Amino acid sequence: MGTDVWVRPRRRGSNEGAEMLQEAAVRLASDCEEEEEEEGGLPAGNRCGRCAYFVERKKRFCKMIPALGRRFCGEHGQQEEENDRKRIPCPLDPKHTVYEDQLQKHLKKCNSREKPKPVYFVQDINAGLKDVAEIPEKQVPISSLSKEELENLITKLKKASNGLELHLKEQILSHQALQEALNDPKNGESAFKHLKQQASILGNMEKLHLLGPGRCFVEFGAGRGKLSHWVDVALQNVENVQFLLVERATTRFKVDGKHKRGDSIFERLQVDIQHLCLNKVPILEKKKLSVVGIGKHLCGAATDLALRCLVESYTTFCDGENEEPARKRSRNDKTEVASNNSADNDSNKDDCKPVAGIVIALCCHHKCDWKHYVGREFFKSVGLGPVEFHYFQRMSSWATSGMRETTTKASTSEESEDQTNDAKEHEQTFSKTESGSDTLHGILTVEERKEIGCLCKLLIDHGRIEYLRQRGYKAALQYYTESAVSLENVLLTAVPSPSLIPEPTT
């Protein structure tokens, strides 16, 4: 009891050694709980083989285990009286320290060092606006606007929205791939809502004939990769299928690693969509697969970045690749043959579009950014600019004023991890709007704010639709789930236009 214990794993990465070390730590913790005592107002944790350094911020001793014969761990070794070596904050991350005489060695392996950029990283390729002069200066909060200024903004909003389809079509579908999971009583309410949304997204993809062979499904903002998982389940008997899961942050409980079936390949790209050049991803460079862009609750500006990634950088590259062979084939042929070859080439080009389709569930318009927004030209065409956009994207959060009550009940289990993350995002919205500086108590009623918020979201989304239409896509917005399942229930879909995909028979 209270003696030093040091267990070294037999080799680096050894599971057995790690387990032994963990067991030793548990035994020490148990011993310390039994021997815990107060000495001068401080716990005697340093008598249990732990580091003798007292962490003032946490009001306890450091829990690290020092080397045999030492009183302090490596992090707090500068406290050792007999140790003349000096520890300094790491210049890459001052949250940890390093021996000064080992600084150069440490910088080469520090986890905070800048990692080599992947081949598909191209700085700001999908960023959008390059002219910083067009970006407005920081605007005052909505609550600081006068009544006349607010009324003027609302008038502009309604004028710009005049003629738009205010009532979207309901396209609430399902898919057989998720029926077993939907009927599983073990799933809680949050997981069930999550599954209903995924089932409807797959149903809409099937309706657009996007679930087929020879496709690369790129899931933007992939998180755990659940949407790609269900697409893979729906394509069990389909060959030559690739999945690219784009997520800038590391994620727990990823499901893509569990797929062992050889017919489809899962690859995770840890990169911000802003810097993702799809045509430099090795698998796409090699196979030239048609891409289907998908996403579930792709927040704010991430949607605009994803659209530009697909429609501009990837499509332009692929179109450029297809043009050169056409010119070479027709150079010395007879006119009639050249004409036929040209027609055949155009047909093949239509059959194998670089981007076969886009299906994205929209979310968090308050996180949109004028710099990245793809609908800037539409806004300008209706007499609006960056200032109005700033206020409209702030006001868009009024549309989901009931989100706080529905999302705070989300489960924290592994199965509903994505739902919990969504809740955190929406909670940030409310901390800045309902409880923050943008509330307008006494000026607008709750219903009026909700109506204006929905109008703001619709206007921003219509700018995205116009952007896609101008680039040759048949794009639409629809409700893909009930508001009781998710208040963020609008799905953006797009396929090449004129589309060769036959309309489904009823």
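This is a predicted model: local features need pLDDT of at least 70, side-chain atom pairs count only at pLDDT 80 or more; totals for chains, interfaces and linings use all residues.

Let's start with α5, residues 189-207. With 19 residues at 1.5 Å each, this helix should span 27 Å, and the C-alpha atoms at its ends do sit 27 Å apart, so expectation and model agree. Is α5 mostly covered or mostly open? Mostly covered: 14 of its 19 residues are buried.

Let me zoom out for a second. The protein has 14 helices and 14 strands. There are 506 residues, and 46% of them are buried. If you take contacts between residues at least 6 apart in sequence, 67% of those join residues at least 24 apart.

Now, helix packing. My example is α11, residues 386-395, and I've got two partners for it.

Partner one is α14, residues 446-470. The two axes come within 8 Å and cross at roughly 125°. That angle makes α11 oblique to α14, and the crossing is left-handed. Who's touching whom? On the α11 side you have Phe 389, Phe 392, Gln 393 and Met 395, and on the α14 side Ile 452, Gly 453, Cys 456, Leu 459 and Ile 460. By type, that contact splits into seven nonpolar residues, two polar and no charged.

Partner two is α3, residues 147-161. Here the axes are 11 Å apart and the packing angle is about 90°, so α3 and α11 count as roughly perpendicular. From α3 we get Leu 153, Ile 154, Lys 156 and Leu 157, and they meet Glu 388, Tyr 391, Phe 392 and Met 395 of α11. This contact divides into six nonpolar residues, no polar and two charged.

Last stop, a loop. Asn 279 sits between β10, 264-269, and α7, 282-287. Is Asn 279 buried or exposed? Its relative accessibility is 9%, and the cut-off for buried is under 20%, so Asn 279 counts as buried. Along the chain, Tyr 314 is 35 residues away from Asn 279, yet their C-alpha atoms are separated by 5.7 Å.

Okay, that's my tour. Over to you.

Definitions and conventions
Residues are numbered from 1 along each chain as its sequence is written. Side-chain values use heavy atoms; hydrogens and water are left out. Axes are lines fitted to C-alpha atoms, for helices over the stretch in contact, and angles run from 0 to 180 degrees between N-to-C directions. Helices (H or I, at least four residues) and strands (E, at least two) are DSSP runs, numbered from the N terminus. Angles under 35 degrees count as roughly parallel, over 145 as roughly antiparallel, 65 to 115 as roughly perpendicular and the rest as oblique. A crossing is left-handed if the near helix is turned anticlockwise from the far one by less than a right angle, and right-handed if clockwise. Contact means heavy atoms within 4.5 Å. Ala, Val, Leu, Ile, Met, Phe, Trp, Tyr, Cys and Pro count as nonpolar, Asp, Glu, Lys and Arg as charged, and the others, Gly among them, as polar. The expected span of a helix is 1.5 Å times one less than its number of residues. Buried means under 20% relative accessible area, exposed over 50%, partly exposed in between (1.4 Å probe, protein chains only).
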